[in-house]
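Subject: Structure for you to look at

Hello,

Please find the structure below, with its sequence. My notes on what was found in it follow.

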Amino acid sequence: MIFQPAIIALLLASALCVLALVASAPFALDVIRRWDIKSGSERQLQMERRTYLFSTLLTFVLALQLAAVLLFVFNAEKMSGMFVGAMCAVGTLNVNAFGFPALNAKIAVFFLAAMWLAINHVDSRARDYPLVRIKYALLLLLAPLLVASGWVELQYFLGLKADVITSCCGSLFSEGSPTLAAEASALPPRPAMWLFYGSLGAAIAVAAWHGYRGGKGSASAYALAIASAIGFATTIAGILSFVSLYIYEHPNHHCPFCILKPEYGYQGYWLYVPLFAATAAGLAAGAVQPFARIDSLRAIVPGFSRNLAAIAANGYALTAVIATAMIWQSRLILLEH
Amino acid sequence: MKLWLAKQRYLIDFTLASLARRKTRNLGLLLVYTLLVFMLASVTLYTHALRQEAARVLAASPEVIVQRMVAGRHDLIPPGYMEKIGRIRGVQKMEGRLWGYYYDAVTKANYTFMVPAGNPPAAGEIVVGPALERSRGLAKDNGISFRSYSGKLHTFIVADVLPQASELVSADLVLMSEQNFRAFFDYPVGHYTDIALSVANPQEVRNVAVKLGAALPDARPILRDEVLRTYASIYDWREGIVLALLSAAILAFGILAWEKASGLSAEEKREIGILKAIGWETGDVIKMKFWEGLLISLTAFLAGFVAAYVHVFHFAASLFEPVLKGWAVLYPRFQLTPHIDGLQVATLFFFTVVPYAAAVLVPIWKAAITDPDSVMRS
């Protein structure tokens with residue numbers, strides 16, 4: 001089923017990304033080996049000029065990855081009509097064993113890319129490029145992941161056979177099946193709510209604390225990154241466990257993808273976009289923190305970190321407010337007063 | 001944040017002014033870009049509209065159709081067959097249908113003869129579809145004769161012509177009474193062409209099909225969902241093939257964009273040199289070029305998409321129609337319902353803007369690293 005327009009577009013994007021990263025790998029090695037900011041040699045000058053090309057190229061690649069995550073889910077949602085038993089993205093992703101790994105790899109690449117971009121941003125603002133070696137070393141680590149993600153995606157699309165009967169959200173997120181997602185769905189609503197609001201509140205508080213300190217505290221930055229990671233996981237668990245129930249007004253429908261459908265007014269995007277943005281910002285604040293002590297970055301990192309904290313705090317607050325509004329509007333009564 | 005916004009605004013201002021200074025050069029690129037978006041958008045909009053149309057037409061068809069198979073071929077439903085199916089829970093209604101194809105040597109086309117389920121025409125009268133009305137020049141109360149497969153000539157009076165609105169399904173249709181139908185085709189008494197089942201609950205359809213298969217091993221249940229899915233994949237596949245063919249055009253466009261972006265005129269080079277001499281950094285020049293690319297992309301995308309919309313929904317996609325629609329002697333004329341889908345727009349964006357951005361990246365960088373002194377000296 002490779003001749004689907006959206007699939008061709010996704011594969012095109014993946015191919016471009018892999019190509020760009022492969023092209024930049026020799027340069028990255030060169031930088032790691034020969035970079036010397038104090039030297040005025042021809043080669044150093046050329047290398048400095050080339051960093052502009054490669055950081056632009058990588059910004060493009062990573063921005064493309066971000067857009068690709070959205071298109072991937074959007075496409076999975078739309079293609080559900082073509083598979084027997086599929087009613088939403090879950091069914092499409094379940095057609096073969098590569099569907100969910102492909103999505104997870106894409107999300108992982110998204111967050112790692114955001115962290116790399118944050119490091120790149122602070123580095124390019126400093127006069128002496130203090131992180132250039134670290135940056136390109138990290139890039140070499142990111143490259144195999146991106147290639148792997150592209151490969152899994154290709155396997156998934158090549159393995160899409162319309163005659164496979166797939167199982168949809170009803171069975172995957174039902175409380176009896178032995179998966180992690182089912183465990184999260186089976187979480188009773190009351191503790192899940194505590195966990196959801198507790199972790200979101202903690203993430204907002206930590207972000208506010210970090211911002212209040214002007215983005216200077218190293219403990220608060222790491223705490224923000226950890227709180228963001230936990231906040232992301234528990235928010236997804238909370239959506240599985242009770243937010244989805246309120247949206248569908250159905251006590252047993254736990255699907256995190258059906259809320260993206262037009263029948264539910266694309267409400268899911270309102271929930272996921274701030275959540276992903278906030279988590280990316282929180283993780284990025286942690287990623288730039290180790291370099292805050294470098295002389296040329298001393299004036300740059302705190303300000304940037306403070307902005308990231310503001311994005312994280314606002315994003316999580318927005319997620320919490322939107323989820324609460326959805327619950328408020330729902331006619332489902334899950335908890336008796 | 002305010003500072004950043006203001007900076008971007010000034011950059012955009014500057015970029016617009018600089019684009020306006022080289023009108024002809026940029027207009028050429030813009031035109032080609034718009035044309036590319038127009039072609040790709042026409043294909044996606046048209047196939048999507050066809051898919052929607054197919055879904056709309058099939059929405060009123062029965063959930064399950066049962067055909068009897070003999071030696072792997074479609075055969076008539078014999079008397080007593082429906083009784084064998086018996087009562088299946090979930091099936092609201094079960095009825096035998098009578099229809100068949102008739103080849104008319106005059107128009108060299110196939111008609112579909114059918115007995116409607118509710119209020120059939122009186123004996124000796126027929127109701128015809130709009131395409132038939134056009135091709136045979138029929139009107140209400142005209143008479144028309146068909147030579148049946150047994151060689152006998154049958155004459156009918158046209159009682160009515162079906163409305164244009166239903167043309168997609170009724171173009172080649174001829175409705176007649178059961179008695180006329182059986183006489184015309186020498187159809188054996190008590191036999192039917194196939195059986196239509198209505199199932200109220202969509203989740204029960206598959207179970208009904210399984211039960212049918214168990215009760216009647218020689219039956220072939222055809223589900224509406226499967227028909228819909230087949231249509232959707234056929235149109236997707238056609239769209240994909242056309243897009244894959246057009247990928248050569250995307251590549252050519254990429255090369256053009258690369259050429260345009262790398263062939264900087266002396267004036268442009270001097271401009272960048274002066275900018276750098278007065279304090280712009282390489283990053284700023286890249287940003288300016290980024291805005292330039294974005295402005296051109298968005299303008300071309302919007303213009304191309306609007307043009308494609310007009311082409312598809314007001315001029316019936318005359319350029320791509322033969323490839324995408326398929327072909328028939330009595331092809332229905334129909335007006336597509338305008339519909340824009342988010343996924344299509346996103347996909348289109350990936351197909352056009354991403355290759356453009358990838359193609360101009362290196363030339364932009366090359367322009368941005370120009371040394372001010374080398375430009376001014378030359």
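In chain B, six strands make up an open sheet, in the order E4-E5-E9-E6-E8-E7, with mixed pairing. Please keep in mind that this is a predicted model. The edges of the sheet are strand E4 (99-104) and strand E7 (143-147) of chain B, each of which pairs on one side only. From one strand to the next, the twist averages 40°.

As background, the strands of a sheet pair through hydrogen bonds of the backbone, and the pairing can be parallel or antiparallel.

Chain B also has helix H7 (residues 205-215), where Val205(B), Val208(B), Ala209(B) and Leu212(B) are buried. Seen down the axis of H7(B), these buried residues fall within an arc of 100°, so they line one face of the helix.

Chain A is built from helices: its secondary structure comes to 11 helices and zero strands. Its C-alpha atoms fill a box of roughly 70 × 50 × 30 Å along the principal axes. The radius of gyration of chain A is 22 Å, which agrees with the value near 20 Å for a compact globule, because that is what 337 residues would give. Of those 337 residues in chain A, 46% are buried. Among the contacts in chain A with a separation of 6 or more, 76% are between residues 24 or more positions apart.

One helix of chain A was looked at on its own. Helix H10 (residues 267-288) of chain A has 22 residues, which at 1.5 Å a residue should span 32 Å; its end C-alpha atoms are 33 Å apart, so the two agree. H10(A) is mostly covered, with 17 of its 22 residues buried.

Regards

Key. Residues numbered from 1 in each chain as written. Chains lettered and ligands numbered in written order. Predicted model: local features only at pLDDT ≥ 70, side-chain atom pairs only at ≥ 80, totals over all residues. Pairing = 2+ DSSP bridges. Helix = DSSP H or I, 4+ residues; strand = E, 2+ residues; numbered from the N terminus. Axes fitted to C-alpha atoms, helices over the stretch in contact; angles between N-to-C directions. Rg over C-alpha atoms; globule rule 2.2 N^0.38 Å. Buried ≥ 20, exposed ≤ 12 C-beta atoms within 10 Å, placed from the backbone. Contact = placed C-beta atoms within 7 Å. Expected span 1.5 Å × (residues − 1). Arc of directions from axis to C-beta.
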